[in-house]
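Please open the model in a viewer and keep the selection panel at hand.

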Amino acid sequence: MSEVPPPDPKRRLFFALWPADELRRQIEESTVGLARHSGGRVVPARNFHVTLAFVGEVTQEQMSSVLSAAEATSASRFSLVLDQIEAWSKANVLVLDTPRTPPELALLVDRLHFNLLEKQIKLKREVYRPHLTLARKLPGLRALQKIAPFNWAVHEFALVESSTTGKEAGFAETRYAVLARWSLA
């Protein structure tokens with residue numbers, strides 16, 4: 001009798017803007033009070049990011065296509081200004097965001113999505129709104145609040161793997177690991 005090979009393990013991936021440690025610290029110091037006051041589950045600063053494209057579960061076989069799509073993606077450097085905090089009711093999250101998406105960011109997202117689709121990587125169709133999640137599972141909504149702006153000079157984007165630990169013990173903790181980075185021109 002022949003052995004059945006184990007199923008191809010899948011990795012949960014997304015592309016993101018990944019802030020430098022100093023910016024991450026500044027954002028945490030300025031927003032942690034609001035995040036705690038929201039009553040939601042506060043996102044740890046180590047997980048702060050701005051998603052560009054959620055890829056989802058990927059087999060090892062698909063990994064080369066994901067990497068190839070990123071390699072084919074080019075865009076210019078830009079500045080992202082995050083200056084407001086709001087609750088998104090549909091997603092039930094508290095976010096740091098901006099009412100103005102830089103054109104270079106929109107182009108980066110469009111090119112990345114196009115290259116992933118060209119490599120047969122299916123993506124969920126949705127309107128892109130850059131944001132950094134501060135808290136999840138809010139018990140109620142809160143009004144939009146302006147804050148001192150964070151000016152982020154964006155020079156690269158990253159491929160990130162998401163993993164969850166502690167499910168079996170009743171407390172799920174999400175961890176992110178940057179797998180690769182690509183510089184912007």
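Begin with strand β3, which gives the most to the lining of the largest pocket, namely four residues. Helices (H or I, at least four residues) and strands (E, at least two) are DSSP runs, numbered from the N terminus. The model is predicted: local features need pLDDT of at least 70, side-chain atom pairs count only at pLDDT 80 or more, and totals for chains, interfaces and linings use all residues. Residues are numbered from 1 along each chain as its sequence is written, and side-chain values use heavy atoms, with hydrogens and water left out.

Next, select Thr 51, Phe 54, Trp 88, Glu 126 and His 131, which lie nearest the centre of the largest pocket among its 25 lining residues. On a 1 Å grid over the protein atoms alone, a pocket is an open set of points where a 1.4 Å probe fits, with protein on both sides within 12 Å along at least five of seven lines; lining residues have an atom within 4 Å of a point. The volume of this pocket is about 1000 Å³, a volume being the space filled by probe spheres set on the points, which are joined across faces, edges and corners. Highlight β1 (10–17), β3 (50–59) and β6 (131–136): each supplies at least two residues of this lining.

Move to the second largest pocket, with a volume of about 360 Å³. Of its 16 lining residues, Arg 41, Val 43, Arg 136, Ala 172 and Thr 174 are the closest to its centre. Two or more residues of the lining come from each of β2 (41–42) and β9 (173–183), and β9 provides the largest share, three residues.

Now display the open sheet, in which five strands follow the order β2-β6-β5-β4-β7 with antiparallel pairing; strands pair if DSSP finds at least two bridges between them. β2 and β7 (145–154) stand at the edges with a single partner strand each, so one side of each has no neighbour in the sheet. Strand β4 (residues 78–88) is joined to β7 by seven bridges; Leu 82 has Phe 150 in β7 as its bridge partner. Helix α1 (residues 21–37) packs on the sheet, touching β2, β4, β5 (93–97), β6 and β7, where contact means heavy atoms within 4.5 Å.

Finally, which residues form an edge-to-face aromatic pair with 80° between the planes? Select Phe 14 and Tyr 176, whose rings are 5.2 Å apart centre to centre. Rings of Phe, Tyr and Trp (its six-membered ring) pair if their centres lie within 6.5 Å; planes under 30 degrees apart count as stacked, over 60 as edge-to-face and the rest as tilted. Phe 14 belongs to strand β1 and Tyr 176 to strand β9, so the pair ties together parts that are 162 residues apart in sequence.

Technical notes
Axes fitted to C-alpha atoms, helices over the stretch in contact; angles between N-to-C directions.
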